[in-house]
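Here are my notes on this model. Please read them with the structure open.

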Amino acid sequence: MEKSVIDKILKAGKIAQELRRYAREIVVKNRSLFEIATLIDEKIEKLGAKPAFPVNLSINEIAAHHTPSVGDTFVAHGLLKVDIGISVDGYIADTAFSVDLENDSVNKKLIEAAEDAVAASVSNFGVGKKLTEIGSKISEAIEKKGFTSISNLSGHSIERFVVHAGWTVPNYDSGQTDVLEEGLYATEPFATNGNGRVRDGKGSGIFRIDGDGNVRDRFAREVLAWIMDEYKTLPFASRWIYKKFGARGMLAMKQLEAAGILYQYPQLIEVSGGKVAQAEHTVLLLEDGTKYITTKE
Ligand code: MN
Ligand code: MN
């Protein structure tokens, strides 16, 4: 990997570390999720980066994929997952942690399980390591705390401007035969006291460009051109479109969605309503065996 590329990845990681610290300060019980997300958006911009995706602020049985849209009335409470993506010129760091806002012993144990699992995963990262073994370390760590690893969520390889690239980093002994090669990876265990699977829920407020259909409306085309220029292939939030274009922008998004040009990610909900904790780090693995946990505080 070229040094200039490594430098940009590590820079994204440093900014992600700073955002983790900042998010821990500003996430307090009963603060609106919209305010928390806006503060995080502003902080990323201030540090000279862009969001690789909208911050996910997902509560209790929502394992992932909730970002506040205009009008969102949710406030921080329960077991809250904070998942942050940083892009420096398209080079991405992806990281998450969970916070217990109820002083609840189960929440705390779930968070410990997710943290143990991500630590076991990153310590086992190495060139030539089997991905299925990483997965089994993750589920072992979670089961040791008496919980279940969510098996239909997984980590992933990362490419420039692509958060979820081709490789899967499993959260269980998946049996896949792939081994780790030089590259950039996110590992993200989810621990639950439920059944250990997620289903699709309602719209998340997170979108991406999905197809090249046509819209007749000139303003909708203008919004689309701006999205393509600003976010390229990366996910974005409807609140960012509102900020730029106001209520008209929301109507344009509806037209673009109806035309199959925009895709809205669904929320991911634990099937049995169990509570979910997540922990995530991004790992840069080099051919010579050098390993950077780019998002480690
Ligand atoms: Mn993430
Ligand atoms: Mn991820």
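Predicted model: local features only at pLDDT ≥ 70, side-chain atom pairs only at ≥ 80, totals over all residues.

1. Start with the domain boundary. Between domain 1 and domain 2 there are 2 salt bridges; a salt bridge is a side-chain nitrogen of Lys or Arg within 4 Å of a carboxyl oxygen of Asp or Glu. The side chains of Asp41 and Arg239 form a salt bridge, at 3.0 Å from N to O.

2. Residues are numbered from 1 along each chain as its sequence is written, chains are lettered from A and ligands numbered from 1 in the order written, and side-chain values use heavy atoms, without hydrogens and water.

3. Domain layout. Domain 1 covers 3–200 + 271–293, and domain 2 covers 202–267; the bounds come from an automatic or database domain assignment. Their C-alpha centres lie 25 Å apart. About 1700 Å² is buried between them, with carbon and sulfur atoms giving 59%. Buried area is the accessible area (1.4 Å probe) that two parts lose on being put together, summed over both.

4. First metal. Donors are N, O and S atoms within 2.8 Å of the metal (3.2 Å for Na, K and Ca); water is not among the atoms, so sites may look incomplete.

5. The manganese ion (ligand 2) is coordinated by Asp94 (OD), His156 (NE2), Glu188 (OE) and Glu280 (OE), at 2.1 to 2.2 Å. The manganese ion (ligand 2) lies 3.2 Å from the manganese ion (ligand 1), and Asp94 coordinates both.

6. Burial. Asp94 is buried, at 2% relative accessible area, and Glu280 is buried at 0%. Buried means under 20% relative accessible area, exposed over 50%, partly exposed in between (1.4 Å probe, protein chains only).

7. One more residue to check. Thr294 is buried, with a relative accessible area of 4%. Beyond neighbours within four places in sequence, Thr294 has contacts (heavy atoms within 4.5 Å) that include Ile9, Ala93 and Leu284.
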